[in-house]
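Please read the following report alongside the sequence and the coordinates.

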Amino acid sequence: MNGRQLARTTTGRGGFPGLRAGLKGAAVVAAGLLALTACGGGDGGSDASAKGEKSGDKAAAATRTVKHDAGTAEKVPAQPKRIVSVSVTMTGHLLALDAPVIASQATPPSVITDKQGFFTQWSDAAAQNSVKVAYQGFEPDVEKVLALKPDLIVGASSGAENAEKFYDKLSVVAPTLLYRHDDVSWQDLTARLGKDLGLEKRATEVVAAHDKRVGEVKAAITVPKQSAALVRDNQSAMTVFTPESAQGRLLTSLGFTVLEPPAGKGETQGGRSDFAEFSQEKVADTAKNSSLLFVSHTPEEITAATARPVWKDLPAVKDKRVYDLGLDTFRLDYYSAGNLIDKIEKAFG
């Protein structure tokens, strides 16, 4: 089953514009902290231990200390109830876990999002779970996050929505966890989130469902003998995804041999190691007989790219070994990975 189906079964793209003004004085922070007292609760503990406090006849939620990619957060709820995602990339991972996401950062609407700015691969799941738009843009709007009264904030420490330089401000609002998503498979990230959010069982189920689908499709397709070049056209250059990228790992698990990038160091973005950008000519020379699998393009964009002089005479173009992996495959989560598998099954089955 694909990502949306699993969600229904179990639940009943970069720059930075100017940073908005910070919190409006210490009074706002103080008021926010007072409003959120009931949501944090408890003393910090170790990963393996949790402590709770009693308030009246009720026990406050247990808390834990969690190490993440921007530091260590204390007083993280062992079972959070109101998560605000400050990373539209991380939101998909959270939704697949049935995490209690109440609001998420959104990007400007585009061909890869719905009208709100949520990625299309999980926008249905967001609607089913009544996830609101926290703010639109790549810089966290701390005031709007504060108004949502989260008991936990989850975000990214890589990509366009990297929130590391806002970590201290966000941590005043609620315990904040930031994760890299560029140098790790979505499965590993899912497992880590499951552990940190107390959703280990669900994380295991999500990865198992994906692995089952991979096995079924691998047995049903005929993989070409040529290597697969995972590329994205930037008109003046070409991005090549490495075998260790999330896309490369998924294709490898389906039986493909993923082409290594051209020799030499390509241009990277923000220290990313999963893809690099090279000249069109260098990529075409490296690809040679490889099949071309385009990541995150419209069919019209793929047609325009392969019509260029540097590409049109390649064996893959002449032999029609050019494949569209879908618009939502630039960042993989459970949902977009499922959609990519569907594309592979249709193209090679």
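## Terms and confidence

Two strands are said to pair if DSSP finds at least two bridges between them. The model discussed here is predicted, and its chain averages a pLDDT of 83, with 80% of the residues scoring at least 70. Over residues 1-60, however, pLDDT stays under 50, and for this stretch the model has 108 contacts beyond four places in sequence.

## Strand S8 and its neighbours

Strand S5 (residues 83-85) and strand S8 pair in the parallel sense over 3 bridges, with Ile-83 standing opposite Leu-152 in S8. S8 is also joined by 4 bridges to strand S9 (residues 176-179), and these two strands run parallel; here Ala-156 stands opposite Tyr-179 in S9.

How many residues of strand S8 (residues 152-156) are buried? The count is 5 of the 5 residues, so S8 is largely enclosed by the rest of the structure. In a regular strand the side chains alternate between the two faces of the sheet. In S8, Leu-152, Val-154 and Ala-156 point one way while Ile-153 and Gly-155 point the other way, and all of them are buried.

The loop between S8 and H6 contains Phe-166. Because buried means under 20% relative accessible area, Phe-166, at 3% relative accessibility, counts as buried. The C-alpha atoms of Phe-166 and Asp-141 are separated by 9.6 Å, the two residues being 25 residues apart along the chain.

## Helix H3

Helix H3 (residues 88-96) is mostly covered, since 9 of its 9 residues are buried. The buried residues of H3 include Val-88, Met-90, Leu-94 and Leu-95, as well as the polar Thr-89, Thr-91 and His-93.

Most residues other than glycine have a negative phi. Asp-98 is found in the loop between H3 and strand S6 (101-106), and its relative accessible area of 26% makes Asp-98 partly exposed.

Lys-320 likewise has a positive phi of about 60° without being a glycine, and it lies in the loop between helix H13 (315-318) and S14. Is Lys-320 buried or exposed? With a relative accessible area of 70%, Lys-320 is exposed, the cut-off for that class being over 50%.

Note on methods: Residues numbered from 1 in each chain as written. Heavy atoms only, no water. Buried < 20%, exposed > 50% of the residue type's maximum accessible area, 1.4 Å probe, protein only. pLDDT = per-residue confidence, 0-100. Contact = heavy atoms within 4.5 Å.
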